[in-house]
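I looked up what lines each space and what surrounds the ligand.

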Amino acid sequence: MNLNYALPQREDLLVRGLLCGEEILYCLPYDLNERGSYVDGYFIITKTRIILLCNGEIASEYKIKAGEDYLAEDLVSSGRIEGVFGGEVCVLAYYTMEHVPRYAYAQRILNELAVGEMPKIESIDDEKKCPKCGRAYLKRTKICPHCLSKISAFGKIAMVVKPSWYLYVIILVLFWCNSGVMLYQPLVNRYIVDRAILPMSSGTMPLSLPILVFYIALIAACNLAVSLIGVGRQYVTTEASSRLARDLKNMVYSKVQELSISYLDEQKTGNLMNRISRDTQRVQNFIQNIASQAVNEIFLLLGVLIALFLYNWKMAALAVLPIPLVVVFCGGVHDRMHKMYRNQWVKMDKLNSFLNDILNGIRVVKAFGQEERAIGQFQDDAESVRRLTTKTEHFYATLIPAIRFLMTLGSLMITFYGASLVLKERLSVGELLQFSTYASYLYGRLEWFSMLPRWMSEAANAIERIFEVLDHEPEITDEKNAVDADIKGNISMVNVTFGYKTYQPVVKNLSVDINHGEMIGLVGHSGAGKSTVINLLMRLYDADEGDIFIDGINIRNLSQASFKSQIGVVLQETFLFSGTILENIRYAKPEATIDEVIRAAKIANAHDFIVSFPNGYDTRVGERGQRLSGGERQRIAIARAVLTDPKILILDEATASVDTETEQLIQEALKRLIKGRTTIAIAHRLSTLKNADRIMVMDHGKLAEFGTHEALMQNEGIYYTLVMAQKKMSAIKAL
Ligand code: ADP
């Protein structure tokens, strides 16, 4: 993200004059004034000053150190940055949503400069607009449809089709034969007219049935050849395109598994599903129906042009006369066509994502009685897709006849000129017929090619969307010299700072040492950063600053596969895959024997309820385990964790949503599970942390307290307040 815009020349001179050699560190645009009208402004930050330029004039200047606090605030569809000067809040600038992340950085920069630190802030966030043309990217992509090179998009596909190259050679040969036969057919028609029908009807030749039969048989043979080639072509193109779709699907799917959570967080599930299924389908359709056809059309077009010009260049010139008109016409409407198509595509994508969201969250919709709203919203979106589709199709419905009409001008001219040549006996009727057939071939090809940009941009967008995922470098990868280590479970976090958005840290300067075998409770208010600490420990994200060490090895230098196989997780929201209980317990260790699974289930207090089902361990859990209760799901998750025998165990509010009896069963299971392992347990119910050796208290992303329950109670800090508040709540509930 650009944090240092270049000033226009005049403004640059103005500011440099004022700065007297002081360096501009950051320069951000702002585009609104306090009344919400658009302005052309720049927010300039030097080491000591803020200078505001508005519509080419210097609007104001502030000394950074005079500000006590700087805050970038999100408003409705806009934002503002303010500073506190002498206890008074002063709004410095207003800006549209586009600049909100930029000013979140500015807030950090100003607060650091205000306390005399020199900020080392580099933005890794991406712009939402194409840097080349300034147009918005396609939603949730970095694709600028305007700058997208179709050639490079199709070039990428070439790499994927390489292993099946021989199929494409067969397709080329078949099309070449097809074009040859199609070009030969009008010649046979001409011979029928000139060598059989006309001489026989004028009496210059006796009626000869064998000649007629011969030519008709020749036409039948041509038709048969075209049909046979068509069948062969269909077989081969289907084979080639389905292989391509399969390879693309596999590539995207494997890539999604490799990608970091931060990237997946940004993408909606529906969006990724669209790329795996819809976009690959589009590419398959394109290769099967359009690209292969294009080869045929090109062969035929070239063949027809050569035949026309060899035969009679004057008539050929008449035939191609409308082509420049068609090209100019198509060029004129191309941009509009492209835009209409893109709008339609964006709306359809939105509709699909919405549908995906709603189907995934259908229980929530029903629980809150929001069916009407969900239906209304879907209907609105479906209506706008309909409107846009109709608009595009109406446009095409007008465009195609217009092109056809332009081309009939050529036919009319040929008929007129050809007929005059026939009358002057410089051309035979059969030749005119042959020529007109070639001309109709030519116009057919042109009509087909006029549709090609639409099909191509549809396919190029799909290809780009697929390759955007494929080309994305996962943020979390194994270092070159990453090691497979058998860990004991000592954890050390050193000055760890992390934010999901780099400009908004949610874990700040966290340093903590945990010994192997210790049970650590992680508490704090909601949003304090507890889950984020866990995410960092599991290396779902990498820290922005600082390091995490496991047994003295930097987590970045541990191979992910080996590290993850030694971590066990029991999350609040247990996710079970549709399949049997056995498959779910075995998920992280597919090679586990039945005995191992049963032992794990017994430790997890799950065996008894599992065998009470008619199908025991083979009971299917339904989609996401919906046929099981929350407590049952959690005990299966515990069994899953037991089975992998992890050295580090992470429990996220594992007993949050179950009744007391089940909680007791789960607590028992957990007690057995945590024995001898380093355990970090997030808990809201502090009573569940009775077994904790030490407790980490997070507050606004910082480690506020760390120690034993007794020490923290004596301290009478945040932990003490939380415990007291919960005691009060329990007392009230008991009443
Ligand atoms: P806790 O577990 O203590 O409730 P979290 O670690 O989940 O807190 O969240 C800390 C902060 O990070 C919150 O402000 C939350 O909104 C934000 N946050 C959590 N997950 C994400 C995410 N995937 N993307 C962006 N922000 C997030």
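Entry 1, second largest cavity. I sorted the lining of the second largest cavity by class and found four nonpolar, three polar and one charged residues. In this classification Ala, Val, Leu, Ile, Met, Phe, Trp, Tyr, Cys and Pro are nonpolar, Asp, Glu, Lys and Arg are charged, and the others, Gly among them, are polar. The lining consists of His334, Met337, His338, Tyr341, Tyr396, Pro453, Arg454 and Ser457. Two elements, α9 (322-360) and α12 (429-471), each give two or more residues to this lining. The largest contribution is that of α9, with four residues. I take helices (H or I, at least four residues) and strands (E, at least two) as DSSP runs numbered from the N terminus. The volume of the second largest cavity is about 40 Å³.

I note the basis of the entries. The model is predicted: local features need pLDDT of at least 70, side-chain atom pairs count only at pLDDT 80 or more, and totals for chains, interfaces and linings use all residues. Residues are numbered from 1 along each chain as its sequence is written, and side-chain values use heavy atoms, with hydrogens and water left out.

I searched the whole structure and recorded two cavities of 30 Å³ or more. A cavity is a set of points, on a 1 Å grid over the protein atoms alone, where a 1.4 Å probe fits but cannot get out; lining residues have an atom within 4 Å of a point. A volume is the space filled by probe spheres set on the points, which are joined across faces, edges and corners. The largest cavity holds about 60 Å³. Among its lining residues are Leu536, Tyr541, Asp542 and Arg556. Strand β11 (residues 545-550) gives the most to this lining, with three residues. By class, the lining has five nonpolar, two polar and three charged residues.

A pocket is an open set of points with protein on both sides within 12 Å along at least five of seven lines. I read about 2,800 Å³ for the largest pocket. Its lining has 50 residues, and Ile261, Leu571, Phe575, Phe577 and Tyr587 lie nearest its centre. The lining divides into 26 nonpolar, 13 polar and 11 charged residues. Why does the largest pocket lie between domain 2 and domain 3? Domain 2 (151-343 + 426-470) and domain 3 (476-566 + 686-735) both give residues to its lining, so the pocket lies between them. The domain bounds come from an automatic or database domain assignment.

The residues around the ligand (a heavy atom within 4 Å) include Asp265, Tyr500, His525 and Thr532. Helix α13 (residues 530-537) supplies the largest share of this shell, three residues. I also looked up polar contacts, which are pairs of N or O atoms within 3.5 Å. A polar side-chain atom of Ser531 lies 2.7 Å from a ligand oxygen atom. A polar backbone atom of Lys530 is 2.9 Å from an oxygen atom of the ligand.

Notes. A polar contact is a pair of N or O atoms within 3.5 Å; within protein, one must be able to donate a hydrogen and the other to accept it, and residues adjacent in sequence count only if both atoms are side-chain atoms.
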